[in-house]
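Please keep the sequence and the model open while reading.

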Amino acid sequence: MDHRTAAAASPLPSEPAVAAPVGGSDTPLTRFLRAGEAGDAAAARGALHPDVRLVSPMAGGAVMRGPDDVALLLGEVYAVLRGLEWVEHYADGRVHTVLGRARALGVALTDAMLVTVAEDGRVLEIRPHLRPWAGLTAFSAALLPRLLRHPGLLARSTRPD
C-alpha cells in the first residue's frame, strides 16, 4: 500500500477509501472542484446542497451555512488564491478527502479538505484543513479585509446551530 492509499484508509470497518480521479466524472462534487480551480463561485454554488455548511479553518467555531453564504465566502476565497489545483481525491462512501494546493500573497498553501456529499451527490459539508502556518497566515491576511466587507456573513457564521 503506498503512502496515499494508507493515508486515506478508513478507520471504520467499512470498505476502504479509494482513489478517485480529480474532476474525472461529472458529479456535483467534481463540478464544485472544477469551479474552485476556475475561481467561479457561481458555478460552485450550483453544486451545493441547500443545507450546506462550511466549517472555518481559521475562526474556531465559525460555520458558514446555506448556499448563499458559502458561495459568498468562496467568492472571496477564490479572489485571494492563485493557482488553486486539486491534485488528489479519495472517496469513502459519502465522505471525500481532496488534496489541493494554491498560493496566497505568493506563499504556498495546501489543503486537505474533507467534503461530505448528500445522498443526491451535492456538497453538504466542507471542512478545509490548511497548512503550512506561513501559507495559512498569508491566506488569512489576504482574506480578512475582504470578509470585513460582509459583517452579516461574519455574524451569521458565529451563531450557534
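## Basis

This is a predicted model, in which local features need pLDDT of at least 70 and side-chain atom pairs count only at pLDDT 80 or more, whereas totals for chains, interfaces and linings use all residues. Residues are numbered from 1 along each chain as its sequence is written, and side-chain values use heavy atoms, with hydrogens and water left out.

## Overall fold

The chain holds six helices and eight strands, taken as DSSP runs numbered from the N terminus (helices H or I, at least four residues; strands E, at least two). From the N terminus, these elements follow the order α-β-α-α-β-β-α-β-β-β-β-β-α-α. Of the 161 residues in the chain, 42% are buried (under 20% relative accessible area, with a 1.4 Å probe and protein chains only).

## Helix H5

Helix H5 (residues 133-147) spans 20 Å from its first C-alpha to its last, close to the 21 Å expected at 1.5 Å a residue for its 15 residues, where the expected span is 1.5 Å times one less than the number of residues. Its buried residues are Gly135, Ala138, Phe139, Ala142, Leu143 and Leu147, and they pack against elements including helix H4 (66-80), strand E4 (81-92) and H6.

## Largest cavity

The largest cavity has a volume of about 30 Å³; a cavity is a set of points on a 1 Å grid over the protein atoms alone where a 1.4 Å probe fits but cannot get out, and lining residues have an atom within 4 Å of a point. The volume is the space filled by probe spheres set on the points, which are joined across faces, edges and corners. Strand E3 (63-65) and helix H6 (151-157) each supply at least two residues of the lining.

Methods
On a 1 Å grid over the protein atoms alone, a cavity is a set of points where a 1.4 Å probe fits but cannot get out, and a pocket is an open set with protein on both sides within 12 Å along at least five of seven lines; lining residues have an atom within 4 Å of a point. Buried means under 20% relative accessible area, exposed over 50%, partly exposed in between (1.4 Å probe, protein chains only). Contact means heavy atoms within 4.5 Å.
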